[in-house]
Amino acid sequence: MPRLLLLFAHPAYDHSRAHKQLLQHLPNDPRLTFRDLYERYPDFYIEVEEEKRLLSEHDIVVWQHPVYWYSCPPLLKQWIDLVLEFGWAYGPGGVALHGKRLLHAVSTGGGRHAYQPDGLHRHTLRQFLAPFERTAQLCGMEYLPPFVAFGTHRLTDQALFDLSLDYARLVRHLMDDEDGSFARQLAQCEYANDCLPALQSALPSAS
Ligand SMILES: Cc1cc2nc3c(=O)[nH]c(=O)nc-3n(C[C@H](O)[C@H](O)[C@H](O)COP(=O)(O)O)c2cc1C
């Protein structure tokens, strides 16, 4: 059964509304390893060998964070820079991550309408996340359509609650997806959120 490593990066978790809620319903499952990077590395000194060992022990990696300046918070970038080593994650002999899946789970202040070519941000969020997608692919990982909480400032408590249930379902289905059929269906969508309603009927219900 696939094992999932959730790498969480929020520089201001005490003030978080969206991510606090998104973490609420994650499955309590021994196959899920939750790792709060800011809690673990407040000084930014990342234990590279331990991070590599954890990656090796899991099949699915999640990068969960708020979008800051169209990108990730700095500690996750530091993690990417240090942990995804040449000759290990990419380059000659760099096959340690081949075949693993990468799910990006992010939140934005901007609404989805603002992330359009004719919207405020002039590009889609997928376009802004392209460096992450390409990084995962360069490391031989499958970059899944991201799960996004758009427009967090205007989301009602109920909408955020519903999103957290969707996120929990997504995580569970990925961990139950032994033959990759769920990931293949997911790959049809721009964002994982778009696929979930269509997939619900075909899937066992999540707890
Ligand atoms: C330093 C900073 C930069 C931000 N940059 C963006 C951005 O580029 N695009 C955007 O849509 N929202 C941006 N936001 C809004 C956050 O993404 C939003 O507040 C967050 O996703 C909400 O999650 P939380 O309640 O868990 O903190 C930014 C917020 C901060 C503090």
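Colleague: What makes Arg40 and Glu50 a salt bridge?

Modeller: The closest N and O atoms of Arg40 and Glu50 are 3.6 Å apart. A salt bridge requires a side-chain nitrogen of Lys or Arg within 4 Å of a carboxyl oxygen of Asp or Glu, so the term applies. The pair links distant parts of the chain, with Arg40 in helix H2 (residues 37–40) and Glu50 in helix H3 (residues 48–56), ten residues apart. Helices (H or I, at least four residues) and strands (E, at least two) are DSSP runs, numbered from the N terminus. This is a predicted model, in which local features need pLDDT of at least 70 and side-chain atom pairs count only at pLDDT 80 or more, while totals for chains, interfaces and linings use all residues. Residues are numbered from 1 along each chain as its sequence is written, and side-chain values use heavy atoms, with hydrogens and water left out.

Colleague: Why is Arg40 called partly exposed?

Modeller: Its relative accessible area is 43%. Buried means under 20%, exposed over 50%, and partly exposed in between (1.4 Å probe, protein chains only), so Arg40 belongs to the middle class. Arg53 is likewise partly exposed, at 41%.

Colleague: Which residues are joined with Arg40 and Glu50 into one network?

Modeller: Salt bridges that share partners join Arg35, Arg40, Glu50, Glu51, Arg53 and Glu57. One of these bridges is between Arg53 and Glu50, at 4.0 Å from N to O. Both residues lie in helix H3, three residues apart, about one turn of the helix. Elsewhere, Arg126 and Glu133 meet in a salt bridge at 3.2 Å, and both are buried. The count comes to 17 salt bridges.

Colleague: What makes Phe86 and Tyr90 an edge-to-face pair?

Modeller: Rings of Phe, Tyr and Trp (its six-membered ring) pair if their centres lie within 6.5 Å; planes under 30 degrees apart count as stacked, over 60 as edge-to-face and the rest as tilted. By this rule the count comes to eleven aromatic pairs. For Phe86 and Tyr90 the centres are 5.5 Å apart and the planes 70 degrees, hence edge-to-face. Phe86 counts as exposed at 58% relative accessibility, whereas Tyr90 is partly exposed at 29%.

Colleague: Why is the pair of Tyr115 and Phe150 said to tie together separate parts?

Modeller: The pair itself is tilted, with 6.0 Å centre to centre and 45 degrees between the planes. Tyr115 lies in the loop between strand S4 (101–107) and helix H5 (125–128), and Phe150 in the loop between strand S6 (147–149) and helix H7 (157–176), so the pair ties together parts that are 35 residues apart in sequence. Both Tyr115 and Phe150 are buried.

Colleague: How do you know that the charged end of Lys20 sits over the ring of Tyr13?

Modeller: The charged end is 5.5 Å from the ring centre. The rule asks for NZ of Lys or CZ of Arg within 6 Å of the ring centre and within 35 degrees of the ring normal.

Colleague: Why does His19 count as buried?

Modeller: His19, in helix H1 (residues 18–22), has 1% relative accessibility and therefore counts as buried. Leaving aside neighbours within four places in sequence, His19 is in contact (heavy atoms within 4.5 Å) with residues including Phe8, His10 and Tyr13.
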